[in-house]
Amino acid sequence: MLKIVKTSIAIAATSIVFAAPAQADVAEALQNICTIVKADDKSELRKKMKRVQSDYRLKLQDYYSGITCGGNSLIRTAMLNDAVETGTLMVKKMPKSELSSPETDGKTVVAWASENGLTNSPIVAVLNDRI
């Protein structure tokens with residue numbers, strides 16, 4: 001009985017030790033994603049998304065809401081910087097339900113684009129076709 005308890009405690013302690021570095025590694029892997037989006041570097045964004053998916057088993061929708069670039073989401077950042085290639089890629093990779101749901105400020109991407117005069121953006125056109 002005592003052996004089982006010791007083993008359980010050892011397993012629990014080990015999982016706690018390895019859980020924190022994994023989160024730090026994901027944050028480190030996604031560190032320059034805002035720069036990539038702003039630079040409209042589609043191939044680098046694709047590589048980063050594939051690397052995060054293979055290393056951490058996370059898709060774009062898993063970490064999209066947790067990343068802000070100057071207070072804006074990744075798609076909003078792409079619109080503000082005329083980053084059509086990266087913005088279009090993200091719109092195509094996100095589930096339709098996520099694209100039509102409100103972001104942290106309570107506004108959908110389309111509503112936000114309308115309020116900020118970005119309705120003529122090619123990203124909004126792709127977004128409207130997708131929704």
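Visitor: How do you know how confident the predictor is in this protein chain?
Guide: This is a predicted model, and pLDDT is the predictor's confidence in each residue, from 0 to 100. The mean pLDDT here is 80, with 82% of the residues at 70 or more.

Visitor: Which elements have the lowest and the highest mean pLDDT?
Guide: Helix 1, residues 2-29, has the lowest at 52, while helix 6 has the highest at 92. Over residues 12-22 pLDDT stays under 50, and the model gives that stretch 1 contact beyond four places in sequence. Where pLDDT is low, the predicted coordinates should not be read in detail.

Visitor: Why are Ile123, Val124 and Leu127 called buried?
Guide: Buried means under 20% relative accessible area, so that is where these three residues of helix 9 fall. Across the protein chain, buried residues make up 31% of the 131 residues.

Visitor: What do the buried residues of helix 9 pack against?
Guide: Helix 5 (74-80), helix 6 (84-93), helix 7 (96-99) and helix 8 (109-115).

Visitor: What share of the contacts with a separation of 6 or more comes from residues 24 or more positions apart?
Guide: That's 65% for the protein chain.

Note on methods: Residues numbered from 1 in each chain as written. Predicted model: local features only at pLDDT ≥ 70, side-chain atom pairs only at ≥ 80, totals over all residues. Heavy atoms only, no water. Buried < 20%, exposed > 50% of the residue type's maximum accessible area, 1.4 Å probe, protein only. Contact = heavy atoms within 4.5 Å. Helix = DSSP H or I, 4+ residues; strand = E, 2+ residues; numbered from the N terminus.
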